[in-house]
Amino acid sequence: MKHNVVLIGFMGTGKSSTGRALASRLGCAFVDLDQKIEQECGMRIPEIFETHGEDFFRAKEAEAVKEAAGRRGIVISTGGGTVKNPQNMEILRRHGIVISLVARSEVILSRTRRKGKRPVLDRMDQGDRKQAIENLMEERRALYEKADYVVDTSDWSPFQVVEDICRYLKMRGAMHA
Ligand code: S3P
């Protein structure tokens, strides 16, 4: 593959599981930006937010974007907030096909129900997590819509999502097998 495939989307839309499965289907390398940051910092994301703050995390995220986007023919899963930095998206788009994963808010709610894993959502949750999800989704909607292709993962297994993305990549001539 000449391009990278970049998965963007809100928390709980399945970027990491889809990315891993897609890379395995394409037989290429996979980079999960959140995982890279965690490895580099030697801590989980909530701990990074707590110890160093969000700005520090976003700076690490921008570094991870640059490093991953410098490679070719790989699948990259972003974090839910990677799209907020226009420079991140400009770099990722340069050699990447951007696929946006979306899901209904109640699906996101059930996939992200466990607290303590997503600091951005936890701090907005004033007892109504679904409302917090909807507010943040609305705030970021336009950023997630700026993609080459959009897939709704609400009712699909990772396998179905991967097949749909592959159909799109073939149609674009970005994938042959
Ligand atoms: C974030 C989403 C998380 C992670 C961090 C911030 C966000 O990634 O990068 O907690 O701002 O939406 P996932 O989308 O993989 O949960």
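Me: How far is an oxygen atom of the ligand from an N or O atom in the side chain of Arg58?

Reply: A polar contact is a pair of N or O atoms within 3.5 Å. For the side chain of Arg58, the distance from an N or O atom to a ligand oxygen is 2.7 Å. The side chain of Lys15 also has an N or O atom 2.7 Å from an oxygen of the ligand. Gly81 takes part through its backbone, with an N or O atom 3.3 Å from a ligand oxygen. The model is predicted: local features need pLDDT of at least 70 and side-chain atom pairs 80 or more, while totals for chains, interfaces and linings use all residues. Numbering starts from 1 along each chain as its sequence is written, and side-chain values use heavy atoms, without hydrogens and water.

Me: Which space is taken by the ligand?

Reply: Rolling a probe the size of a water molecule over the atoms shows where empty space is left. A pocket is an open set of points on a 1 Å grid over the protein atoms alone, with protein on both sides within 12 Å along at least five of seven lines; a cavity is a set where a 1.4 Å probe fits but cannot get out; lining residues have an atom within 4 Å of a point. The ligand takes the space of the largest pocket, which holds about 780 Å³. Ser16, Asp34, Ile45, Lys117 and Arg118 are the closest to the centre of this pocket, out of 29 lining residues. The lining divides into 7 nonpolar, 10 polar and 12 charged residues.

Me: What is the volume of the largest cavity?

Reply: A volume is the space filled by probe spheres set on the points. For the largest cavity it is about 30 Å³. Lys36, Ile37, Glu40, Lys60, Glu63, Ala64 and Glu67 line the largest cavity. By class, this lining has 2 nonpolar, no polar and 5 charged residues.

Terms used:
Nonpolar A, V, L, I, M, F, W, Y, C, P; charged D, E, K, R; others polar. Polar contact = N/O pair within 3.5 Å; in protein donor to acceptor, adjacent residues only side chain to side chain. Sits in = over half its atoms within 2 Å of the grid points.
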